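This report describes selected features of the model shown below, moving from individual residues to helix packing and backbone geometry.

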Amino acid sequence: MPVYDSRRAAGQRDAGLRRVGRITWRAAAAGLAAAAVAALAFAQHATAGASTPGTSTPGTSTPATSTPGTSTPGTSTPGTSTHRSRHKHASIVIPARPPQPAAGSGSGQVTSGGS
Amino acid sequence: MTANAITEDSFEVWGTTAVLLVTSPLAAVPARRLAEHVLADVDLACSRFRPDSELTRLNEAGGEPMMISATFADLLSAALRAARLTGGDVDPTCGQALAGLGYDRDFAELRAGGATPLRLAGPAGAVPGWRRVRLDNGARRVRLEHGAQLDLGATAKAWAADTCAEQIARRTGCGVLVSLGGDVAVAGTPPPEGWQIRVADDHAAPPDAPGQTVTITSGGLATSSTTVRAWTVAGRPVHHIIDPATGEPASSCWRTVSVAAGTCTDANTASTAAIIRSAAAPAWLRDMGLPARLVRHDGTVETTAGWPGDEPGGGA
């Protein structure tokens with residue numbers, strides 16, 4: 001007749017609990033990491049949306065009709081992509097320096113007026 | 001380098017004058033070539049008077065979605081951004097309002113008396129509004145809702161000036177000024193004395209016309225005026241700056257507004273909005289820190305945010 005070894009059983013129980021605990025902690029850590037990655041990706045997406053204000057406002061963006069398969073982000077020309085970067089600002093951009101009074105009417109003068 | 005080293009080139013485009021100034025004579029030919037390429041691209045994208053332009057096809061699409069070019073997507077983005085930043089004062093859906101005033105053809109033809117106004121009397125009503133433009137920039141797909149008809153006149157010329165200046169400066173490595181009918185963009189290293197710009201009611205005014213001469217070294221400067229692109233409909237004087245709230249030419253206390261900003265597109269956005277905002281414009285411009293010169297119908301001038309005072313005898 002087998003002898004019930006309570007000490008050995010308790011040891012096995014503790015080992016099992018430790019193992020379950022390790023698995024639980026690893027799963028929690030993996031979930032946390034995944035959540036962080038998702039949050040980062042969402043933040044980048046939100047920033048990218050803000051960089052093209054004309055399309056990011058609720059009234060104009062059409063995420064429901066977006067067709068990723070037809071998106072061609074690589075086809076923009078250098079000139080137009082540079083222009084996009086100019087318009088990342090969420091407000092009208094003030095000049096680096098306000099206009100200065102002109103010393104004289106030298107060559108190379110143009111006129112800004114209605115047209 | 002002195003001002004005398006600046007090389008100037010000019011040509012006609014879109015019924016107005018394009019002026020290119022570069023700080024190296026060697027850059028003049030490539031600058032012209034680049035500018036003509038950009039302008040042709042913009043014209044094909046958003047001319048209201050070309051049956052083959054993307055804008056015309058979109059206006060005639062009856063609300064169906066349309067795939068568009070990168071250039072047209074950028075132009076639309078700039079127009080929608082202008083609308084958003086001005087609370088809808090600069091609205092690209094004023095195409096039908098302009099056509100209703102007879103401005104459905106090249107302006108030279110219109111001024112010569114060739115207009116056939118679709119609407120001779122009665123209030124036009126508010127324009128459909130920029131939120132009716134459903135642009136998916138990633139997919140380069142756009143759709144107009146509720147019969148909206150586009151006109152990108154408030155931003156496209158300035159956008160083209162910015163793009164020309166940027167490309168010329170980058171490709172040639174020299175300083176450049178691009179003026180398209182008075183919408184001025186500069187890029188690259190400016191001449192030591194800066195770029196001299198005369199601000200006046202009319203971009204075609206002679207150098208001694210009433211106005212003020214200033215210098216800028218970066219960004220853009222644009223002027224909006226109710227005095228130049230103006231005509232009559234059934235004896236009623238009208239102009240091209242539409243108030244989206246009424247669909248009618250803006251009734252403003254300013255005849256001309258000039259603004260300096262980080263880009264010509266932003267400058268023109270602000271100057272157009274200032275005309276529409278009328279008496280509220282100076283406070284709005286000051287709040288944003290935008291240097292501006294506003295001229296009332298009687299010629300008196302108000303300035304904001306560091307715009308220099310007029311020289312004695314400069315007039316408006």
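In this predicted model, B:Val38 is in contact with B:Ala160, B:Thr163, B:Cys164 and B:Gln167, its neighbours within four places in sequence being left aside. B:Val38 belongs to helix H1 of chain B, which spans residues 28–46. Because 25 other C-beta atoms lie within 10 Å, B:Val38 is buried. The C-alpha atoms of B:Val38 and B:Gly175 are 18 Å apart in space, and the two residues are separated by 137 residues in sequence.

The largest nonpolar core comprises 99 residues, and B:Leu75, B:Val176 and B:Ala274 have the most contacts inside it. Helix H3 of chain B (residues 70–85) supplies the largest share of this core, namely eleven residues. With neighbours within four places in sequence again left aside, the contacts of B:Leu75 are B:Val42, B:Ala45, B:Cys46, B:Leu152, B:Ala156 and B:Trp159.

The packing of two helices of chain B may be considered next. Helix H6 (residues 156–172) and helix H7 (residues 264–277) of chain B pack with their axes 7 Å apart and at an angle of about 160°. H6(B) is therefore roughly antiparallel to H7(B), and the crossing of H6(B) past H7(B) is right-handed. On the H6(B) side the contact is made by B:Ala158, B:Trp159, B:Ala161 and B:Asp162, and on the H7(B) side by B:Cys264, B:Thr265, B:Ala267 and B:Asn268. Classified by residue type, the contact of H6(B) with H7(B) contains five nonpolar residues, two polar residues and one charged residue.

Backbone geometry is the next topic. Most residues other than glycine have a negative phi. B:His146, which is not a glycine, has a positive phi of about 55°, and B:Ala305, likewise not a glycine, has a positive phi of about 50°. B:His146 lies in the loop between strand E5 (141–144) and H6 of chain B, whereas B:Ala305 lies in the segment after strand E17 (301–304) of chain B. B:His146 counts as exposed because it has 10 C-beta neighbours inside 10 Å; B:Ala305 has 18 and so counts as partly exposed. The table sets out these two residues.

| Residue | Phi | C-beta neighbours inside 10 Å |
|---|---|---|
| B:His146 | about 55° | 10 C-beta neighbours, exposed |
| B:Ala305 | about 50° | 18 C-beta neighbours, partly exposed |

Chain A remains to be described. Its secondary structure comes to three helices and two strands, which follow the pattern α-α-α-β-β along the sequence. Chain A has 115 residues, of which 20% count as buried.

Note on methods: Residues numbered from 1 in each chain as written. Chains lettered and ligands numbered in written order. Predicted model: local features only at pLDDT ≥ 70, side-chain atom pairs only at ≥ 80, totals over all residues. Core = buried A, V, L, I, M, F, W, Y, C linked by C-beta atoms within 7 Å. Buried ≥ 20, exposed ≤ 12 C-beta atoms within 10 Å, placed from the backbone. Helix = DSSP H or I, 4+ residues; strand = E, 2+ residues; numbered from the N terminus. Contact = placed C-beta atoms within 7 Å. Axes fitted to C-alpha atoms, helices over the stretch in contact; angles between N-to-C directions. Parallel < 35°, antiparallel > 145°, perpendicular 65-115°, else oblique. Left-handed = near helix turned anticlockwise from the far one by under 90°. Nonpolar A, V, L, I, M, F, W, Y, C, P; charged D, E, K, R; others polar.
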